[in-house]
Amino acid sequence: MDDGKKIIVNTAAQYSRTFINTCLSLYTVRLVLNVLGQDDYGIYALVASIVAMLGFLTNAMVVTTQRHLSYSYGKEGKERVRQLFSNSVLMHIAISLLLVAVLFSIKGFIFSNYLQIADDKRPEAMQVYLLSIVMLFVTFNNAPFKALYIARENIAFISCVEVFDGFLKLGFALLLSCVDAEKLPIYALMMLAVQVVQFLAFSLFAIWKFEECSPRRFWRDSNRADMKLLAGFAGWTTYGTGSIVLRNQGLAIVMNHYLGTAVNAAYGISQQIYANLAFLSSSIVNAMNPQLMKAEGSGDRQRMLLLAQKESKVILVILSLVFIPLSVEMPNLLSIWLGSEQVNLYTVPLCQCMMFSLMIDQATYGLHAVMQAVGRIRNYTLLMYTPKILLLFVMWGVFENGYGIRGVLIAYMSVEALVALMRIPYVKMAVGLNVGEYLRDTIVRVLPLMLVLAVVSWGMTQLSHHTLSFLWTIPTSVLLGVLFVWKGVLSKEEQEKLCEILKKKRR
């Protein structure tokens, strides 16, 4: 399968996975909430979130391992990939054991000083906490195997396993209603079982299919140099992902201090929407980054920069097609999903802000992949992610000066725009990016599409003020947007390449 076809197949697999799992998740959450009740479900969400906050470490390790494996596939071959993979597995085991020890040792402090849980529910909450620690251990050690699949561009298998997980969670939710014992720890045990099944699927298939994954060589391949190489990259990647987690959690605390709990409910909804829609861009990243990093590993920097340019363009096109119509119809969509009584005055602007902030950030995200491929990420990470932490101080100043929620949203999007723009001159200085060509092929080409989508979506909402107007506004806007992409955004070469791939697929 050629490179272009791999990208399309992998992207289609991830979009299919997202659609199926989103539908399954919406129904599963409803079932679990009805069976557990709001109190028990709230306890599970609260206790599990303490452990889940460390999930950003897992994402950082996936990025680290995948980058070095993809780079080595392009430069040094499978023997070197096996050595790096073996050391990555050993490092994941060591770090996860350390995390388990720390979380287990502080459980008394957390339950005594941090969590407000009724005395009769504490034993169940403690069981959930311990099961969540085991879940973190399993999930963390799944990271190198998932990174190996991404590096080998076998993303369709990842999507199949995660869809199976979605059905498994639905099955457990139906089974939970038949359980007579205490349902809260049983539900936590079911979620642990889902993670164990996923780990076995990824690890056993990798051991059977890929010669780079050889458990008998894990210890023999261990060496301090590779550990140091992986740990150094992972440290700066962790700083980046940790900065985002700190910003998000800190922003919730700052807004709560000035505006009360109503804004936290709206912020929580906006974060759920953000997390689900962010997968649109991550699917492109996962599909294209392995080829981008292989190109850098093989010494073909021009191809690497070209792929980064295409990645930014494709992400911006897809996010525009989805985000702009959704944003215009956000009030109606939230009223249908949550009920009009659950939508307060903060919900719509926060959701719209999160969507546009993601689109602004992702407009130059292909350049982020460039710096990962090159491997010089210390200064880049400090420069690009420190403003995200400093945003908390800006938010405090905005509230103190009486600008309110609108000032906060403007400040939030302004920082995202600043970081997105800073990537362009930084990558030019680091690797010689052609700024004019990059801007012409990405931002300039996509701006007319964004304008068309905004005008069409807004115009259709003015013609009909019905609550269900999104049923025709969004499909019409997307269809016209796709036609405009074909005529006005894609170059002639890109049109020919896409036609060629579709013809081969049809045959």
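This is a predicted model: local features need pLDDT of at least 70, side-chain atom pairs count only at pLDDT 80 or more; totals for chains, interfaces and linings use all residues.
1. Phe145 counts as buried, at 6% relative accessibility, where buried stands for under 20% relative accessible area, exposed for over 50% and partly exposed for what lies in between (1.4 Å probe, protein chains only). Residues are numbered from 1 along each chain as its sequence is written, and side-chain values use heavy atoms, with hydrogens and water left out.

2. A search of the whole structure finds 12 aromatic pairs, a pair being two rings of Phe, Tyr or Trp (its six-membered ring) whose centres lie within 6.5 Å, called stacked if the planes are under 30 degrees apart, edge-to-face if over 60 and tilted for the rest. Phe145 and Phe199 form an edge-to-face pair, 5.9 Å centre to centre with 85° between the planes. Because Phe145 lies in helix α5 (residues 122–151) and Phe199 in helix α7 (residues 183–209), the pair ties together parts that are 54 residues apart in sequence.

3. Tyr149 and Phe157 form a stacked pair, 5.0 Å centre to centre with 25° between the planes, and both of these residues are buried. Ring pairs also link Tyr149 and Phe157 with Phe202, Phe205, Trp208 and Phe210 into a cluster.

4. As for the chain as a whole, there are 18 helices and zero strands, which are DSSP runs numbered from the N terminus (helices: H or I, at least four residues; strands: E, at least two). Buried residues make up 50% of the 507 residues.

5. The largest nonpolar core has 56 residues, and those with the most contacts inside it include Ile273, Leu292 and Phe323; such a core is a set of buried Ala, Val, Leu, Ile, Met, Phe, Trp, Tyr and Cys residues joined through side-chain atoms within 4.5 Å. Helix α10 (residues 301–328) gives the largest share of this core, 13 residues. A second, separate core of 23 residues includes Leu69, Phe85, Val89 and Leu90.

6. Which residues does Leu292 contact, leaving aside its neighbours within four places in sequence? Leu292 is then in contact (heavy atoms within 4.5 Å) with Met304, Leu307, Ala308, Glu311, Ala369, Val370 and Ala373.
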